Amino acid sequence: MLCAVRKPGDASLVCTSGIDPVLARSLPAPDASSGLLGRLQTERRSQRLLNPGGDPTMAGLPQGYPPLYCALEAPVTSLASSYGWICLANKEGADHFSAEDERILSILAAQVGRIYENGSLYLEVQRHAEQLHIEVIERRRALEELRASEARLHRAQVLAKITHIISGPGGQFESWPATLAQMLRRDPNTMPASAREWIGMVYADDRALVRSMALQAVREGVRMDFTYRLWRADGALLHLRQVMEPLPGEGAAPEGLRWFNTIQDVTAQKRAEEALRESDRRFNELLDKVEMASLMLDRNGCITYCNDCLLRLTGWERGEIFGRNWFELFLPPGMDGMQRGFEDMLADRPAAWHFEQEILTRSGGRRLVYWNNTVLRSVDGEAMGIACLGEDITERREAEHKIKRLNRVYAVLSGISTLLVRMRSRQELFAQSCDIAVRHGKFRMAWIGRVDRAAQQVIPMAIAGTDPDFFDDLAGRLSYADEPSGVYSLTATVVREKRAVVCDQVEGDPRVLLPARLQARSVASLAVLPLLVAHEVVGVMALFSDEASFFDATEMKLLGELAGDISFALDHLEKSDRLNYLAYYDDITTLPNRTLFLDRVNQHMRAREGHRPQGAPFLGVALIDVNRFRIVNDTLGRSLGDELLKLVAQRLQLHASAMDMLARIGVNSFGVAVCEARDASAVAMAVDHLVRACFDEPFQLGTQELRITAKAGVALFPMDGGDAEALLRNAEAALKKAKASADALMFYTSEMNLRVAEALSLENHLREALERGEFVLHYQPKLHLASGEVTGAEALIRWNDPRRGLVPPGQFIPILEETGLIYDVGRWALGQALADNLRWRAAGLAPIRVAVNVSFLQLRHRGFIEQVRAAVAHGPEAAAGLELEITESMVMDDVQRSTQSLHAIREMGITVAMDDFGTGFSSLSYLARLPLDTLKIDRSFILHIAAGPKGSALVSTIINLGHSLGLKVVAEGVETEEQSRLLALLGCDEIQGFLYSRPVPADVFEQQFLRGAQPAS
């Protein structure tokens, strides 16, 4: 018998041999781990047994087994485990088992144990492999289901704009899906890792809410639902709804819970809510502020509802109209067809949805209303009535009608303004004006007549809009002679009183001639306008309208301008024998010229003479000058210069007000008359706007694009002049003032007259001073810092005016330069300085070099070099003792020409100094190439040399620069010992200033600084 158990708790494996099979199947299985056999297995040893009684239980077998008289038992083991035992019983031919039997059985049992163990391991491996295969299949299916579920969840979250975060007890984020990074537009590597970082992304105003909600949820361990705003990575602001829910935990305190945070992007909903609220707000505001009549009618046309706006519009009380028929109460007579329109409304036909309709007010007046209608239906769709929303458009229609009327007048004004340019005869002017009034102005009739002073008659000259019979009937009836009755016709009143006259209603007006004929031609009102030339009525113009009260104040103002234009044309035609088109218009720009401009301004001024009320519009004359126009002509040619003038004129015409007058006044100047400005500020704004509109954009000349600027001077009437000539002259003065300043626009003032008069007077005195020899030279010495000797002097011109005494140069040098006298005075100064220096040398005094200032005009004069050469022709000592001083700006204006002149001067043996260095805009590269000997530091730098390190650093830099270029450096304006000391320390060569001496006359200079000094050996 063999009995084996793979592991405790498993069923025993029992095998027998030598026992009847039927009996073996009925025997109970022995317990492999208990009893004698169990100890045998545990102790892992074999044994031999003799059992004379044959009782199987003595061998450890259960009852029922065959008798067992001798037995050999051995454990079935492997190296590591015991599995059972094997028992041999009742050895045949012997009464017991031998030791050899025991050894063989032990070996057999060991082999069985190893075989059993291998088989058991194989079965175990096979079972585990099957189980693993099942688990792999199950896991794969679960993984696929999980992926499908996650994909569905991802799609659902994306569609619902929902994501989530799982956070730990400390607020750290444990996990989140990809939808969170997508929602925040962030790279997954830059996602927040904790609640603290998350709150840092929250909108500042909402952080306290988020923090308090999160703390409350953690403190109480409950679900929290709240909404807040958060900044997205691209700067957009999101509205988020967050639900915090605790995850189940075994016995965890609220502070130790993990949390599932559901986050939904509700930005679209929030914006929709805000848009809805804003729409509701606007709609409510609209209803509150928009005055519209609201009305409801039943199927019979009776009023079932009306709002207060309708009551205010019509003047009725609610109780007076409620239940009454709308058509009978509110529609004017003769509008019976509206009943059919009501049936169209009930039928909901599109033609009845919107229409205009006049309604009657309680007082009998009429209001025009634009109705928007809709059908009111019952639950089953039956039409029960209509609802109407109406807008009172009476004033709008009247305004539109007035605009149409004004447009008619504007059309006439524009047509006649165009007509004036090409008219060559009075008759043509009259005929065309009447025709334009009828065709463009839609007047029923128009006629023009001239005044015959001798016959005291108005002679009709042209008529339009009627047949010739009316023209014939009118002739002979237009007398303006005295009437005994004192009742004059409209035409006579116009001629006698020199003013326009209006008849608002032809019927019943005794001043109207031929009223029946006019009414037959549907004329309801008329206006008669005077045509004035030199304050005298030379003609009249009559305009007839089919509308009563057509000619209100606005129309009459425009018609007054129309009459003024025709009057001007008459005046122009009277002078046509001696003037032609070119006498009044510029040929290049087609603008009026100076003459016509002045004439028109004078005409406008005459209309204001004697009756300019307070607050009346201002009249301003502006002169606009195109900067650098000469350069355009010189560089691009005259043809492109003319093209530029045309473009400027076109822009001025495009942007000028219709009430303004334009003209070309000079070569590159344009005149503008601003006629309807409320004050001086308005004039300035109008001119400034015109200049900017014209010159802000570049001009395209051929293939070149030019940016041109302009300046303007303005004079006002009557403050700056009583006539156009005076205004234009003063505007020119203001323009000169603007050119001399940084301002683009300047006004003329009364002080300007005084300055101009003074300048003219001073110019005459300066010419006389030159003739009389009143100019003198004063000399200011230059001191050599190292030796303390006087090595030179600067000759400074002074005017010894017998009337005012010694005049400072600042008061007359600019006038000399403006008038060109500086060339003659400079030539005298050069000759006088040379004469003084030669006289001193001849007297044996110490030789010095005298510096003479040269002006810009002198240096540019083509005869200047020869003038200098002639001045120093006395001998080499003359040139050796002369230095000419120039300024930076003089050289930089024309570097090439200046350099040539300076080279010619130095070739004569004359030294050259650059005066006021540091105040201009010279280029160092040019400075290195200029033929200079001396650099003079401007006094503005010396003034601040002792003020601090910056001041001394600037002076030191200039000194070092001059020395590096091999130049002598002279400091001007030295007034203190400290300045002198610092300049010596910095290595300055010479100084000049009040510290040593003021400029003094030649004899004083000679006596004080030259006497006693010996000439150099």
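Begin by selecting strand 1 (residues 2-4) together with strand 2, which pair in the antiparallel sense over three bridges; strands here are DSSP runs (E, at least two residues) and helices are DSSP runs (H or I, at least four residues), numbered from the N terminus, and two strands pair if DSSP finds at least two bridges between them. Within this pair, cysteine 3 has valine 14 of strand 2 as its bridge partner. This is a predicted model, in which local features need pLDDT of at least 70 and side-chain atom pairs count only at pLDDT 80 or more, while totals for chains, interfaces and linings use all residues. Residues are numbered from 1 along each chain as its sequence is written, and side-chain values use heavy atoms, with hydrogens and water left out.

Now widen the selection to the open sheet of five strands, whose order is 2-1-5-4-3 and whose pairing is antiparallel. At its edges are strand 2 (13-15) and strand 3 (47-50), each of which pairs on one side only.

Next, select strand 20 (residues 536-545), which is largely enclosed by the rest of the structure because eight of its 10 residues are buried, where buried means under 20% relative accessible area, exposed over 50% and partly exposed in between (1.4 Å probe, protein chains only). Strand 16 (residues 445-452) runs antiparallel to strand 20 and is joined to it by six bridges, and methionine 445 has phenylalanine 544 as its bridge partner there. Strand 19 (residues 525-533) also pairs with strand 20 in the antiparallel sense, over nine bridges. In the hairpin of strand 19 and strand 20, with two residues between the strands, look for alanine 534, which takes a positive phi near 55°.
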